[in-house]
Every structure is written in structure tokens, then in C-alpha cells.
Amino acid sequence: MRGRLGMAYDVNRMRDVAMATYRQAEALDSDDFRWPYFRAHLIAEAAEHAEALEVLDKALAIDPEYAPAWLWRGSWLLKAGNPDDAMDAFSRAKDLGGGDEAQWSCSAGMTRRLKSCSP
């Protein structure tokens, strides 16, 4: 229930209280992927990509098969200036599948990575 409360705060753009509530939900139910995943998104919205990646890693430790999390990881790694690891994350997302949208996102991410390495 605490996590659902965090989601309500999040949807209503009450970021600080949503962040605290997601932390509480994670402490109460450390096996639920959603709470660190949603918290990572809030952190990334504040352009704190290194911290968002640390929290996202907690979510991926719970469910390493969730392709959208790997897509976000790749995107945030690009923003954090780590294109090689981003490429690995996009490749992982592509390997996991997830339909046409995931495939398109992987291709877009890989293209962005390649452009960032061009002279």
C-alpha cells in the first residue's frame, strides 16, 4: 500500500514526498521491482543520472529480464557520458525482446551512441 501511495504522489507531481514514500515501500517490500524502478525515474527527471543508475541497478537486481529498464539504463548511461556501457544496455534490451517499440528504441539508442563517437 505504501508503494501505491508513492505512485499517487508521483502522478500528482509531488516528487519529494513520492521519493520518500518509494524509499519506505522499498524498505517494507525489498523484493518489489517497482519501488526502486519508479524512484530511479524521479531521480533521472532531476538529471541526476549517476544516482538514477545506482537505484535502477537495485531494480534490475530484482528483475533483470525487464527490457524497458535496460532501455532506460542505456539512455541514462548516454546522458552520463558512458556510451560503451550504454551500447551494452541497449544490446541487452534488444536480446530480451519486448516487441517492435523496444526494437525501435534499441536501434535509436545505438544510433545515438554511434553518433556520439563520430568525429
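**A chat about this predicted model**

User: Hi! Where does R13 lie?

Analyst: R13 sits in the loop between α1 and α2. Helices here are DSSP runs (H or I, at least four residues; strands are E, at least two), numbered from the N terminus.

User: Before we go on, what kind of model is this?

Analyst: This is a predicted model, where local features need pLDDT of at least 70 and side-chain atom pairs count only at pLDDT 80 or more, while totals for chains, interfaces and linings use all residues. Residues are numbered from 1 along each chain as its sequence is written, and side-chain values use heavy atoms, with hydrogens and water left out.

User: Thanks. What is the phi of R13 like, positive or negative?

Analyst: R13 has a positive phi of about 60°, although R13 is not a glycine. R13 counts as partly exposed because its relative accessibility is 48%; buried means under 20% relative accessible area, exposed over 50%, and partly exposed in between (1.4 Å probe, protein chains only).

User: And what about the phi of A47?

Analyst: A47 has a positive phi of about 60° and is not a glycine. A47 is in the loop between α3 and α4, and with a relative accessible area of 52% A47 is exposed.

User: Stepping back, how many helices and strands does the chain have?

Analyst: The chain has seven helices and zero strands. Of its 119 residues, 39% count as buried.

User: How much of the contact comes from residues 24 or more positions apart?

Analyst: Such residues account for 42% of the contacts in the chain with a separation of 6 or more. Contact means heavy atoms within 4.5 Å.

User: Back to α1 and α2: at what angle do they pack?

Analyst: Helix α1 (residues 2–11) and α2 pack at about 165°, and their axes are 8 Å apart. The axes are lines fitted to C-alpha atoms, for helices over the stretch in contact, with angles from 0 to 180 degrees between N-to-C directions. The two helices are therefore roughly antiparallel to each other (over 145 degrees; under 35 is roughly parallel, 65 to 115 roughly perpendicular and the rest oblique).

User: Which residues meet there?

Analyst: From α1 come R2, G3, L5, G6, M7, Y9 and D10, and they meet V17, A18, T21, Y22, Q24, A25 and L28 of α2. By class, the contact has eight nonpolar, four polar and two charged residues. Ala, Val, Leu, Ile, Met, Phe, Trp, Tyr, Cys and Pro count as nonpolar, Asp, Glu, Lys and Arg as charged, and the others, Gly among them, as polar.

User: I see Y22 in there. Which residue does Y22 form a stacked aromatic pair with?

Analyst: Y22 stacks with W35, at 6.1 Å centre to centre and 20° between the planes. Y22 lies in helix α2 (residues 15–28) and W35 in helix α3 (residues 34–45), so the pair ties together parts that are 13 residues apart in sequence. Rings of Phe, Tyr and Trp (its six-membered ring) pair if their centres lie within 6.5 Å; planes under 30 degrees apart count as stacked, over 60 as edge-to-face and the rest as tilted.

User: Are those two buried or exposed?

Analyst: Y22 counts as buried at 1% relative accessibility, and W35 counts as buried at 5%.

User: How many aromatic pairs are there by that rule?

Analyst: The count comes to eight aromatic pairs. Ring pairs link Y22, F33, W35, Y37, F38 and Y66 into a cluster.

User: Last one: how far is F33 from D63?

Analyst: They are 30 residues apart in sequence and 6.4 Å apart in space, C-alpha to C-alpha. D63 is in the loop between α4 (49–62) and α5 (67–79), and at 27% relative accessibility D63 counts as partly exposed.
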